[in-house]
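Subject: Structure handover

Hi,

Here is the structure I promised to pass on.

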Amino acid sequence: MAPLAYRPRMVAAGGGYPILEDDKLIGGIGISGVPTSRIRMPASRHARKSGSSYRRDSRHAAKEPRLEPEDKMSMTERQAPELRVREWIGGDGASIAPVALSDLGTGPKILFAFQHWCRGCHVHGFPTLQKLYGALRPKGVGFAVIQTVFEDAEENGFETLRVNQLKYDLPLAFGHDEPPTGQALPTFMEDYRTRGTPWFTVIDAGGRIVFSDFHLDADTLIADLGHA
């Protein structure tokens with residue numbers, strides 16, 4: 001990943017981990033080449049700080065906003081909330097009932113959030129997920145993929161789940177999460193306090209969130225979970 005030679009203007013508050021290619025910002029919160037006016041992300045509520053060793057070098061992270069008292073507890077200090085995503089397809093592309101965390105097994109779990117039109121998801125996110133899946137699925141780690149539609153719903157539609165499932169050869173449950181009526185954010189973003197895409201959430205076997213961020217060190221995570 002190229003070094004950040006300048007601090008770009010982010011299109012929504014909340015900080016995060018910008019994803020760069022050839023010194024150009026291609027991923028992170030609200031970065032999809034979409035006009036600022038079309039982004040539904042509200043400011044400041046979904047910040048998180050991580051001390052996890054799985055997080056890659058954080059020197060490129062944007063400045064964290066001031067947190068309200070109720071937001072000061074990191075998501076990495078909490079029990080993972082149950083999923084509220086309603087629309088899913090199974091590994092064969094057929095529609096399935098809503099997926100619960102228990103459906104992903106009794107071991108550690110990795111949840112990957114994306115948007116179809118997010119270039120960073122394709123350049124960095126999905127390749128990382130493929131590496132994790134290939135190494136850790138045989139070790140009993142559960143996986144699920146969720147499209148968190150906080151931008152253009154027409155470009156990030158339900159039909160793109162199967163497109164990406166096939167493209168990256170990932171026979172996993174894929175969920176589609178649009179904001180409920182009257183709400184600004186998809187349920188996963190609200191409950192897990194994520195700030196954009198691509199986003200990785202790692203849950204330990206006890207159900208606690210141990211990592212939640214844009215970018216992770218796949219090799220370190222594979223080494224740790226592979227020997228768990």
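Phe143 sits in strand β6, where strands (E, at least two residues) and helices (H or I, at least four) are DSSP runs numbered from the N terminus. With a relative accessible area of 4%, Phe143 is buried; buried means under 20% relative accessible area, exposed over 50%, and partly exposed in between (1.4 Å probe, protein chains only). Its C-alpha lies 5.0 Å from that of Ile110, although Phe143 and Ile110 are 33 residues apart in sequence. Leaving out residues up to four places away in sequence, Phe143 touches Leu104, Ile110, Leu129, Leu132, Tyr133, Leu136, Arg137 and Leu172, with contact meaning heavy atoms within 4.5 Å.

Before you go further: this is a predicted model, in which local features need pLDDT of at least 70 and side-chain atom pairs count only at pLDDT 80 or more, while totals for chains, interfaces and linings use all residues. Residues are numbered from 1 along each chain as its sequence is written, and side-chain values use heavy atoms, with hydrogens and water left out.

Now the overall picture. The protein chain has four helices and nine strands, and along the sequence they come in the order β-β-β-β-β-α-β-α-β-α-β-β-α. Of its 228 residues, 54% count as buried. Among contacts in the protein chain with a separation of 6 or more, 71% are between residues 24 or more positions apart. The chain exposes about 10200 Å², and carbon and sulfur atoms supply 49% of that (Shrake-Rupley method, 1.4 Å probe; for residues, only the protein chains shown count as cover).

On to the aromatics. Rings of Phe, Tyr and Trp (its six-membered ring) pair if their centres lie within 6.5 Å; planes under 30 degrees apart count as stacked, over 60 as edge-to-face and the rest as tilted. The count by this rule is nine aromatic pairs. Phe114 and Phe126 make one that is edge-to-face, at 5.1 Å centre to centre and with 65 degrees between the planes. This pair links distant parts of the chain, with Phe114 in strand β5 and Phe126 in helix α1, 12 residues apart. Both Phe114 and Phe126 are buried. The Tyr133 and Phe143 rings have centres 5.5 Å apart and planes at 75 degrees, so that pair is edge-to-face too. Here Tyr133 belongs to helix α1 and Phe143 to strand β6 (residues 142-148), 10 residues apart. Tyr133 counts as buried at 17% relative accessibility. Ring pairs also join Phe112, Phe114, Phe126, Tyr168, Phe174 and Phe200 into a cluster.

How many salt bridges are there? Taking a side-chain nitrogen of Lys or Arg within 4 Å of a carboxyl oxygen of Asp or Glu as the criterion, the count is two. In one, the side chains of Arg84 and Asp191 meet at 2.8 Å, N to O. Arg84 is in the loop between β2 (24-27) and β3 (87-89) and Asp191 in helix α3 (residues 187-192), 107 residues apart. Arg84 is partly exposed, with a relative accessible area of 43%. Lys131 and Asp219 form a salt bridge at 2.6 Å, N to O. Lys131 is in helix α1 and Asp219 in helix α4, so this pair ties together parts 88 residues apart in sequence. Both ends are partly exposed: Lys131 has a relative accessible area of 42% and Asp219 one of 47%.

That brings us to helix α4 (residues 218-226), whose buried residues are Ala218, Leu221, Ile222 and Leu225. Seen down the axis of α4, these fall within an arc of 100 degrees, so they line one face of the helix; the arc is that of the directions from the helix axis to the C-beta atoms. They pack against β5 (109-114), α1 (119-136) and β8 (199-203). Where α4 starts, a side-chain oxygen of Asp217 comes within 3.2 Å of the backbone nitrogen of Asp219.

Pro98 counts as partly exposed at 34% relative accessibility. Setting aside neighbours within four places in sequence, Pro98 is in contact with Val85, Arg86, Trp88 and Asp103.

Cheers

Definitions and conventions:
Polar contact = N/O pair within 3.5 Å; in protein donor to acceptor, adjacent residues only side chain to side chain.
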